[in-house]
Amino acid sequence: MTEFLPHSEIEALSAWALDECLRGGASGADVLYSEGEGSGLSLKDGEVEECVSGAAAGIGVRTIMSDGRQGIAYGNSLDKMSVRKIVEWSVANCKKSEPDEGVSLYSGELVTDPAIACEDERISRVAPQDRMKYCKEMTDIAKSADKRIISVRGASWHDGWGASFYCTTTGLAGWDRGSSANCAVTVLAQQGAATEIGGYGIESRLFDELDINETASLAVKKTVAYLGSSLMKTGTYTLVIEPETAASLIDVIGDLFCAPEIHKGRSLMKDKLGSIVASPCVSLVDDGRIPWKAGTGCWDDEGFPTGRTVLIKDGIASSYLYNLQYASKDGVKSTGNACRGMSTLPDVGTTNLILEPGRETQEALVSNVKDGLFITELMGMHTIDPVSGDFSIGAKGVRIENGAFTHAVSGVTIASNLMDFIQQIVSVGSDLKFFGPVAAPTLVVEDVVIAGE
């Protein structure tokens, strides 16, 4: 294990840096220190393709002037001479920046909660031989799962931990720590002249949630399902969107509620609070306090306590997400959604984004569809226009006819408007599942035009 500076030395160095910021002319400052280790292994057809391991530590200093000017500087050298240079650069950058409204430091307390767990010691104890074992097992499972698998292009395992210390001139000071790991399998399948490449992966803070058997099996299942896939006729259909794909859609929607995007006119949710923006069966929540989830923490990157914010309730837009600056601009309280790194100023981002589930199973939802498509992949989500909501994206899935799956479909396109699309959601499944910091169940969307043959 890499030897980092003792925590007591980091705390003393950070406090000294804050004093230096004030002596340099800043009216306020904060320090963000980060350290961590990570390792990973990837096999291609059983042979080592990548084996990496690394550790890093660094410190970032942000200075603030009373008129809202901000400056930031960072570095990886942790001696006093180097940190003094970082402080000097931060103050210089601050003095050269433009004043901005609402910039401040949190003056409350760093609230800790033992129930909000983020570190699994079993992940921190994973050894090189364990990674090799996991990757070989995933390779063997994938190879034997289906005779049409001709290559296991990747079987990988990555794990790591990180710790950070945050302190401010308003008196905040505290440590945060977490760990996570992920495993993934990518396979190449062939049937006659048809080939298909695909895979599956999972990420978690809990070691016991990393099921290598399920990962390899699903990678194979998802890939061979599209061998011999075909187009479907252009027309209007009912879509059933499986949870992982639905989560990618929800992730896009969540970003539209971030206050900076609203203020800069880059979101179609601008001026929509209190208005109907989605189907009545849609309720969307941001919650940074769910134990063991990827977006969980006791406080955000400004030290403000995280919380639960309802973005959409029964189809009605209810709230935006804020950090201190944008909360001040709108005359509201921060929602605890500040995000930043050592080298960046505070912004606003989602924590754990959850589309609340309904009551019906996926099987029941599919059985009620007479003419539709079960969507397992949407391609080009990043091209959705956040202002107009217009999009045209590729899709893959399985044809649904009279409540039953018939044949695999690929090469089709869905063109719509995001606001219209989420208002056409008619059912939400009970099968809520997390994919990183985003959770979604199965969705049913009616009257969607699919362009095929």
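Predicted model: local features only at pLDDT ≥ 70, side-chain atom pairs only at ≥ 80, totals over all residues.

Colleague: What is the handedness of the crossing of H1 and H2, and which residues make the contact?

Modeller: The crossing is right-handed. From H1, the contact is made by Leu 13, Trp 16, Ala 17, Glu 20 and Cys 21, and from H2 by Lys 80, Val 83, Arg 84, Val 87 and Val 91.

Colleague: How do you know which residues of that contact are charged?

Modeller: Asp, Glu, Lys and Arg count as charged, so Glu 20, Lys 80 and Arg 84 belong to that class. By class, the contact has 3 charged residues, 7 nonpolar and no polar ones.

Colleague: What makes H4 and H5 a packed pair?

Modeller: Helix H4 (residues 128–145) packs on H5 at an angle of about 40°, with the axes 9 Å apart, and the crossing is right-handed. Contact means heavy atoms within 4.5 Å. On the H4 side the residues are Tyr 134, Glu 137, Met 138, Ile 141, Ala 142 and Ala 145, and these meet Ile 212, Asn 213, Thr 215, Ala 216, Ser 217 and Val 220 in H5. This contact divides into 8 nonpolar, 3 polar and 1 charged.

Colleague: What is the volume of the largest pocket, and which residues are closest to its centre?

Modeller: The volume is about 680 Å³. Of the 30 lining residues, Ser 164, Asp 176, Thr 296, Trp 299 and Asp 301 are the closest to the centre. Strand S4 (149–168) is one of the strands that supply at least two lining residues, and S4 gives the most, with 4 residues.

Colleague: How does the lining of the largest pocket divide by class?

Modeller: The lining has 14 polar, 9 nonpolar and 7 charged residues.

Colleague: Which element gives the largest share of the lining of the second largest pocket?

Modeller: H5 does, with 4 residues. Helix H6 (243–255) and strand S14 (371–379) are among the other elements that supply at least two. This pocket has a volume of about 530 Å³ and is lined by 18 residues, with Leu 218, Lys 221, Lys 222, Glu 242 and Phe 374 nearest its centre. By class, the lining has 10 nonpolar, 2 polar and 6 charged residues.

Methods. Residues numbered from 1 in each chain as written. Heavy atoms only, no water. Left-handed = near helix turned anticlockwise from the far one by under 90°. 1 Å grid on protein atoms, 1.4 Å probe; cavity = no way out; pocket = protein on both sides within 12 Å on 5 of 7 lines; lining within 4 Å. Points joined across faces, edges and corners; volume = space filled by probe spheres on them. Axes fitted to C-alpha atoms, helices over the stretch in contact; angles between N-to-C directions.
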